[in-house]
Structures are given as C-alpha cells and as structure tokens.
Amino acid sequence: MEKKKSESLKSTLQRCALCGRRCGADRLGGARGVCGGGTLPKVARWLPHMGEEPPLVGTEGSGALFFSGCSLRCLFCQNYAISQLGQGREIPIEGLAEIMLELQESGCHNINLVSPTHYAPQIALAVESAKRLGLAIPVVYNTHGYDTPEALSWMAGKADIYLADVKYAGNEQAERFSGITEYSNVNQEALRVMFSQVGHFREDPKTGLGARGLMVRILILPDKIEGAKESLLRLKREFSADLCVSLMAQYVPLYKATRVPSLNRVIRKDEYEEVADYAEALGFTRLWCQEPAAAQVGIPDFSADVPFSF
Ligand code: SF4
C-alpha cells in the first residue's frame, strides 16, 4: 500500500467518523464503536446472491460480501446474527481483493458490498487492488444510508453503483427503532454525495444489467406508510422523478421487533399498493416493486450452509 494511503487509512481509523454517529473511536488503538469494526474488515459470508433487484441479479447473481457489524441497531434487523452478534472473520485487505476476483470468476455480475460503511476505507483499498488484478464488473455499495461524506469520499471512483436505504422519513422513528440520531440529515446528505459521484441509475444497454448510478431503497414499515410517501416526495424534489427507486415489501417482525406492537406484523398488500400508487402518481417511472408475500420469503439464516432459500 502506498505510504500516503496507509497514513490516510490510519488517520481515519484513529478517530472514526465513518457513520453518522461520528463517535471518534480510536479503532487502531483497539477501541470499538457501536459498529464493532476494528482495523481489518470482518466478513460473514460471500456468495452469489439472487435476492436483489433484477438488474443487479441477472442470471448468475450478485456477488455479495456480507460485512459483520453495523452502526445501526435496528430492532427488526433480518441480518442480526452478523450485524449485531458479530459472526464472521477478519480478512486482510489483499484477501478481500481475492474474494472479489473469486466472485467475478464464478460469473457474478457485480460485487455487492453489504453493510460496508464502517469498513469503507479498507474496502476502497481492496477494490483498488482487485481492479489492478483484473476486476472488471461493477462494484455496488449496498448501505443503510447513514454514511458520512468522509466514508463516501473513500469510495469515489471505486463504487459504480450506490444502493442506498431510506429507512425513515423522520429522526424520531430512527432513534426509536435503530438507536441513531439525525438519520434524516445524515441520510439526505449521503444521498447527495452518492448522486454527485455516480448520477442516475443506468443499465448496460447490451445486457440490461446495472452499470452505474444511484438506486434508492425505501423500507415500508407497518403503519408507517405516510413516512414512505414523505420520503418519495422529498426524493422527487431533490433528484427528480428520474431517480431509480425500489420499494421494499419484505419487512418481517424479526429479532426485537416482536416486542414493539406497532412493528409486530408484516405489511399488508393494500399498504404496499398505496405507496406504489403514490410513487407512480408522483411520476417515478424507474420503480422496482415486489409482491409483499413473495418478498417476505427471503429471510436469511446465516448459520446455514446456504443462507438464502431462493
Ligand atoms: S463507523 Fe463505528 S467507529 Fe466509526 S463512527 Fe460509526 S460507530 Fe463509530
């Protein structure tokens, strides 16, 4: 690693501000923030994944790398075994680059970095190294959207596609359900930075597969459809109705969500359709929708050899 990059990595990790918590943990000195991230990236699984949006999955799957830990504490997290219980193992940056090349070799259409925020610098260096060794497929940064501009600056020129959540329209729910403050402000600024780097989502005209750009995922929570609609309106004002939006129907009350009455059910078809109709009425045409019942089948089991059932 070049001296300048190595110093930059050290200074980032010595006073970490990669996510909206900006907790300042000295990760190099052994301290850990809520995310649990240290100096080496910790990875739970890597595999061809068929559970993303069609232009990312194609016929051979998206090459998913699931990172351990997360700076959010979502009560309903589907991946809590890795995000909050910390399953996984630490891998050196060169090892991470090799995994990316392995996923490309197996036919995956892209490299899909799932929950990358707290390892953005190490991932950026791994992507750089993998590209030097022949990585040619797009790199997808698949995030909760609580990234700071500092984290995203590491990914400039490395991420081809940003797949970013908008989980909540307001800060109050974010605090209650994910234990974080200022989600809306951090999330909106993150989307602006992502968009400035890659623009609107576009496919390769020859293959129909995602090549570059921003795709925003809106999580629809039970009884919170007004929030999803508010997010759509805000996104249209900021980025226009040309923005590519994916409406997530897969909410299932898992982990600690069963203890919260308003979260303890799946979303109804009519709720989902109300949000989808609203998006269409706003003029969004680049819209990915799911069948609520089908979407709720894909809950992962990270203790199994094959964590996904599709
Ligand atoms: S990524 Fe982790 S260590 Fe860094 S600011 Fe967020 S919680 Fe703190």
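What you see is a predicted model, in which local features need pLDDT of at least 70 and side-chain atom pairs count only at pLDDT 80 or more, while totals for chains, interfaces and linings use all residues. Residues are numbered from 1 along each chain as its sequence is written.

Let us begin with the whole protein. It has 11 helices and 10 strands, where helices (H or I, at least four residues) and strands (E, at least two) are DSSP runs numbered from the N terminus. Its C-alpha atoms fill a box of roughly 55 × 45 × 40 Å along the principal axes. Buried residues, those with 20 or more other C-beta atoms within 10 Å of their own, the C-beta atoms being placed from the backbone, make up 46% of the 310 residues. Of the contacts (C-beta atoms, placed from the backbone, within 7 Å) between residues at least 6 apart in sequence, 70% join residues at least 24 apart.

Now for the interior. In soluble globular proteins, nonpolar side chains tend to be buried together. Here the largest nonpolar core has 89 residues, and Val216, Ile218 and Ile220 touch the most other members; such a core is a set of buried Ala, Val, Leu, Ile, Met, Phe, Trp, Tyr and Cys residues joined through C-beta atoms within 7 Å. Helix α5 (residues 120-132) gives the most to this core, with 7 residues. As for Ile220, its contacts beyond four places in sequence include Ile225, Leu247, Ile267 and Val275.

After α5 comes Gly134, with a positive phi near 120°.

Another helix, α8 (residues 183-198), holds Asn187. Why is Asn187 counted as buried? Because 27 other C-beta atoms lie within 10 Å. Leaving out residues up to four places away in sequence, Asn187 touches Gly145, Tyr146 and Val166.

Methods
A residue is buried if 20 or more other C-beta atoms lie within 10 Å of its own, exposed if 12 or fewer, and partly exposed in between; C-beta atoms are placed from the backbone. Two residues are in contact if their C-beta atoms, placed from the backbone, lie within 7 Å.
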